[in-house]
Amino acid sequence: MPRYFALLPAAGVGARMAAGFPKQYLEIAGRPMLWHALHAFERHSRIERVYVVLSPEDGHWDGQDWTSLTKLRALRCGGATRAESVLNGLEAMADEVDGEDWVLVHDAARPCLSRGLLDKLLREASEDGVGGILAAPVADTLKREGEGRRIAQTVPREGLWGAQTPQMFRHALLRRALEHAGTGVTDEASAVEALGLSPLLVEGDIGNLKVTFPRDLELAAWLLTRAEA
Ligand code: CTP
Ligand code: MG
């Protein structure tokens with residue numbers, strides 16, 4: 001039986017958050033954002049271990065209390081891009097994982113992943129030959145920007161989805177895909193797509209928020225407090 005592992009790339013600097021330190025260490029609902037992202041996997045019985053990829057220059061990790069996370073393994077092998085951090089993590093965990101085991105790659109910047117959505121992804125993507133990702137259908141009408149911030153074009157939103165994480169693939173396939181795709185891809189699915197495969201879209205919701213800008217912090221805190229209540 002294949003096992004399930006979580007891999008959280010957390011080696012970014014959080015430039016758009018501009019907090020003066022990496023955003024994954026910002027406190028939300030009484031804990032670092034990264035703790036919440038890791039805890040979503042810690043609490044799920046199907047998840048064997050939770051790997052986090054840190055920057056080798058990370059000076060914040062050691063000062064925090066991670067003792068409540070018993071499945072945790074920290075890997076100090078972050079790279080210059082998200083894809084590089086993920087690939088380095090896949091290589092570092094390779095000795096402890098079988099090629100057919102599932103790896104769920106999840107952004108440290110998504111602290112509000114619910115139990116229900118993780119369950120749904122595990123259920124639907126496990127049945128799939130390729131793997132799958134959480135994603136949400138695009139709700140807004142999309143505009144392409146032209147000269148002087150004027151609308152050049154309206155892009156039909158039919159069939160368009162916003163990709164989220166976790167993105168769930170078998171370890172060997174994902175490693176091969178990222179080696180093949182190079183360091184520029186912004187998610188795992190696009191690397192797998194470049195191999196000619198079509199990952200499954202598993203419908204999530206906007207509650208699985210990505211915390212990017214300062215304005216996202218309040219909403220993330222509210223979602224987490226509501227989930228605990
Ligand atoms: N990440 C990483 N290694 C990098 C860049 C990003 O592990 N070299 C991780 C981030 O820590 C985050 C996830 O990839 O968990 C998604 O990235 P993003 O939200 O863009 O975070 P940052 O890159 O830190 O933010 P910004 O783009 O604003 O600098
Ligand atoms: Mg980034």
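**Legends: ligand site and local backbone features**

View 1. Strand E1 (4–10) and helix H2 (82–92) each contribute at least two residues to the shell around ligand 1; helices (H or I, at least four residues) and strands (E, at least two) are DSSP runs numbered from the N terminus. Of the 18 residues around the ligand, Pro-9, Gly-14, Ala-15, Ser-85 and Lys-210 come nearest, where a residue is near if one of its heavy atoms lies within 4 Å. The shell residues divide into 8 nonpolar, 5 polar and 5 charged; Ala, Val, Leu, Ile, Met, Phe, Trp, Tyr, Cys and Pro count as nonpolar, Asp, Glu, Lys and Arg as charged, and the others, Gly among them, as polar.

Residues are numbered from 1 along each chain as its sequence is written, while chains are lettered from A and ligands numbered from 1 in the order in which they are written. In this predicted model, local features need pLDDT of at least 70, side-chain atom pairs count only at pLDDT 80 or more, and totals for chains, interfaces and linings use all residues, with side-chain values based on heavy atoms, leaving out hydrogens and water.

**View 2. Polar contacts of ligand 1 (pairs of N or O atoms within 3.5 Å).** A polar backbone atom of Ala-15 is 2.7 Å from an oxygen atom of ligand 1. In the side chain of Ser-85, an N or O atom is 2.8 Å from a nitrogen atom of the ligand. For Lys-210, the distance from a side-chain N or O atom to an oxygen atom of ligand 1 is 3.1 Å. Ligand 1 taken alone exposes 560 Å², of which the protein buries 87% (Shrake-Rupley method, 1.4 Å probe).

**View 3. Positive phi at Ala-18.** Ala-18, a residue other than glycine, has a positive phi near 50°. The loop between E1 and strand E2 (27–28) holds Ala-18.

Technical notes. Polar contact = N/O pair within 3.5 Å; in protein donor to acceptor, adjacent residues only side chain to side chain.
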